[in-house]
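Dear colleague,

I am handing over the structure we spoke about, and below it I have set out what was found. Please read the notes with the model open beside you.

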Amino acid sequence: MTSRERVELALNHREADRVPLDLGASAVTGMHVSSVYALRQRMGLDPPGTPVKVVEPYQMLGEIAPDLMDALGVDVVGLGAPTNMFGFRNDGWKPWTFFDGTPVLVPEAFNTDPEPNGDILMYPEGDKSAPPSGHLPKGGFYFDTIVRQDPLEEDALTAEDNLQEFQPVSDEVVEHYRAGAERLAATGRAILANFGGTAFGDIALVPAPWLKHPRGIRDIAEWYMSTTARFDLVQEIFDRQCAIALANWEKLHRAVGDRVTAVFVTGTDFGTQHGPFISPQAYRDLFKPFHRRVNDWVHTHTNWKTFIHSCGAVSAFLDDFVDAGFDILNPVQCSAAGMDPETLKAKHGDRITFWGGGVDTQGALPFGTPDDVRRQVRERIRIFGPGGGFIFNPTHNVQAQIPVENLAAMYETLAECREYSHAD
């Protein structure tokens, strides 16, 4: 069975030969570059000191290269935009040493010149004449967004300003996705694509760190307040954003066809550790109509499955997510309130695929013992695996400073029990 076949069966709630595995197919299912380096060293894939590429500089995610995919049995590859979160291409690689001593390769436009205090600033499109949009503290592991919010004039606010980044897709970008889909399809793995444009109100994207001079509502607190205080304006932004996105997706579908297996729709978070971030009714009023428009278009015109990433305690939204047409839920944060895996599988497992939840990245993986990790991997496969509807991935990205023994325990245990006949 090919990886693509394995994933497609799982997404159609059928058991394949084994539980499919994702690592690195999206910006929310990857691994910090220092952990990638440690894992590659542990597995003997590289001589000591061999650098790992930073393929997503905002979160400092490392490349999951084909040899690592083969060694772990990864079933999914990612098809993303031609530029990263800071608006420059991942090319012209140059060596750099991360704060913890990890040898890495970063794109040519990645700023490696520290400030006097040792911090690293990142610039949109790598242009140092623009105000910096990202800040990596000395000794830190990830960039923080630098909010660049111009003074707001209430009477001058328009939807147009917050549509600055949503434009008709260019022929160059269409070709990027076409060629990428053709290349990745040849691997035999399932393709998770991120075409962009449909993450309505994703707070990681609102400040637009890839734009040199973002206009409109870009402050995080101001945006959240605007979803209520300026409801009509935000709704207009979403309506026009949705129309642009669907026109773009129509062009992109003609280019990539059904080589794509699933498409990343949104990463807007609706949950906190302890409960919903907003009320279910607020979700229904503002977000759900646009999610339904996107999902309806996808399911009418393509064979793709649709992917929603929403952290935290989101059990109160799951019926609405399903009703809006989502096929896949990620990251399945079982440590959050109301996210008991047994309950999730029993109530929703026949209607939505759980893509994640394989290991708790806030508890067992960073702070447990290898035996703790092994127990949790076996338990999650036992719960989520039966009947399909499960893609193994840790809960969100694997973070920095994870004990390499725990990383090894996770993937070794998965290899031992991912076949359905051995799941118990």
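Is E8 buried, partly exposed or exposed? E8 counts as partly exposed because its relative accessibility is 27%, where buried means under 20% relative accessible area, exposed means over 50%, and partly exposed covers what lies in between, with a 1.4 Å probe and protein chains only.

Before going on, please note that this is a predicted model, in which local features need pLDDT of at least 70 and side-chain atom pairs count only at pLDDT 80 or more, while totals for chains, interfaces and linings use all residues. Residues are numbered from 1 along each chain as its sequence is written, and side-chain values use heavy atoms, with hydrogens and water left out.

Salt bridges

E8 forms a salt bridge with R4, and their closest N and O atoms are 2.7 Å apart; the term stands for a side-chain nitrogen of Lys or Arg within 4 Å of a carboxyl oxygen of Asp or Glu. By this rule the count comes to 31 salt bridges. Both E8 and R4 lie in helix 1 (residues 3-11), four residues apart, which is about one turn of the helix; helices here are DSSP runs of H or I with at least four residues, strands are runs of E with at least two, and both are numbered from the N terminus. R4 is partly exposed as well, because its relative accessible area is 22%.

A salt bridge also joins the side chains of R418 and D75, at 2.8 Å from N to O. R418 lies in the segment after helix 12 (404-417) and D75 in the loop between helix 3 (66-72) and strand 3 (76-79), so this pair ties together parts that are 343 residues apart in sequence. Both R418 and D75 are buried.

K288 and D323 meet through their side chains in a salt bridge of 2.8 Å, again N to O. This pair links distant parts of the chain, since K288 is in helix 7 and D323 in helix 8 (residues 318-323), 35 residues apart. K288 counts as buried because its relative accessibility is 9%, whereas D323, at 44%, counts as partly exposed. These two residues belong to a network of salt bridges that links R284, K288, R292, D320 and D323.

Helix packing

Two packed helices are described by the angle between their axes and the distance between the axes. Helix 5 (residues 220-229) and helix 6 (residues 231-256) pack at an angle of about 100°, with their axes 5 Å apart; the axes are lines fitted to C-alpha atoms over the stretch in contact, and angles run from 0 to 180 degrees between N-to-C directions. Helix 5 and helix 6 are therefore roughly perpendicular to each other, a label given to angles of 65 to 115 degrees, while those under 35 count as roughly parallel, those over 145 as roughly antiparallel and the rest as oblique. On the side of helix 5 the contact is made by W223, S226, T227, T228 and A229, and on the side of helix 6 by F231, V234, I237 and F238, contact meaning heavy atoms within 4.5 Å.

A buried loop residue

A159 lies in the loop between strand 8 (144-145) and helix 4 (171-185), and A159 counts as buried because its relative accessibility is 3%. Leaving aside its neighbours within four places in sequence, A159 is in contact with L233, E236, I237 and R240.
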